Amino acid sequence: ETPFDGIRCGNLFATQLLGSVLVLNPPFMKYLLTLLGAEPKLAFEDAVWEMYRNRLAECQKTATHRLDP
C-alpha cells in the first residue's frame, strides 16, 4: 500500500486517471517532449499555462491535506 498513484519504470508512466492529462498538465507534457527529443513548445502555450495556473490555484484552495513523499 502507498499513498501515491501510478508508477514510473524507465520511460513508462502508468496511472489510473480521468481526463486529458497532457493538456491539463503542461509541465508534464514539456517533460515528455524533452524525453522524446522534441522541442518542448506547446500549441496555444500562453492559454494552456494560464488555465493550468488557474486550475492549480483552485485545487490548492480546496485541498484538505497534502501528501509528502
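The model is predicted, so local features need pLDDT of at least 70, side-chain atom pairs count only at pLDDT 80 or more, and totals for chains, interfaces and linings use all residues. Residues are numbered from 1 along each chain as its sequence is written, and side-chain values use heavy atoms, with hydrogens and water left out. The chain has 3 helices and 2 strands. Its side chains form 3 salt bridges.

**Fold**

- Along the sequence, the elements run β-β-α-α-α. Helices (H or I, at least four residues) and strands (E, at least two) are DSSP runs, numbered from the N terminus.
- Helix α2 spans residues 26–35, and helix α3 spans residues 45–62.
- Contact means heavy atoms within 4.5 Å. Among contacts between residues at least 6 apart in sequence, 26% join residues at least 24 apart.

**Surface and burial**

- Buried means under 20% relative accessible area, exposed means over 50%, and partly exposed lies in between (1.4 Å probe, protein chains only).
- Of the 69 residues in the protein chain, 9% are buried.
- The chain exposes about 6,100 Å². Carbon and sulfur atoms supply 60% of that area. Accessible areas come from the Shrake-Rupley method with a 1.4 Å probe; for residues, only the protein chains shown count as cover.

**The salt-bridge network at E45**

- A salt bridge is a side-chain nitrogen of Lys or Arg within 4 Å of a carboxyl oxygen of Asp or Glu. Side chains of opposite charge can pair when their charged atoms come close.
- K30, K41 and E45 are linked in a network of salt bridges.
- E45 pairs with K30 at 3.1 Å, N to O. This pair links distant parts of the chain: E45 is in helix α3 and K30 is in helix α2, 15 residues apart.
- E45 also pairs with K41, at 3.3 Å, N to O. The side chains of E45 and K41 make a polar contact as well (3.3 Å). A polar contact is a pair of N or O atoms within 3.5 Å; within protein, one must be able to donate a hydrogen and the other to accept it, and residues adjacent in sequence count only if both atoms are side-chain atoms.
- E45 counts as buried because its relative accessibility is 14%. K41 counts as exposed because its value is 54%.

- The side chains of K61 and E58 form a salt bridge at 3.3 Å, N to O.
- K61 and E58 both lie in helix α3. They sit 3 residues apart, about one turn of the helix.
- K61 is exposed, at 64% relative accessible area. E58 is partly exposed, at 40% relative accessibility.

**Backbone at F44**

- F44 has a positive phi of about 55°, although it is not a glycine. Most residues other than glycine have a negative phi.
- F44 lies in the loop between α2 and α3.
- F44 counts as exposed, with 71% relative accessibility.

**Cysteines**

- The structure holds 0 disulfides. A disulfide is a pair of cysteine sulfur atoms within 2.5 Å.
- C9 is exposed, at 55% relative accessible area.
- C59 counts as partly exposed, at 45% relative accessibility.
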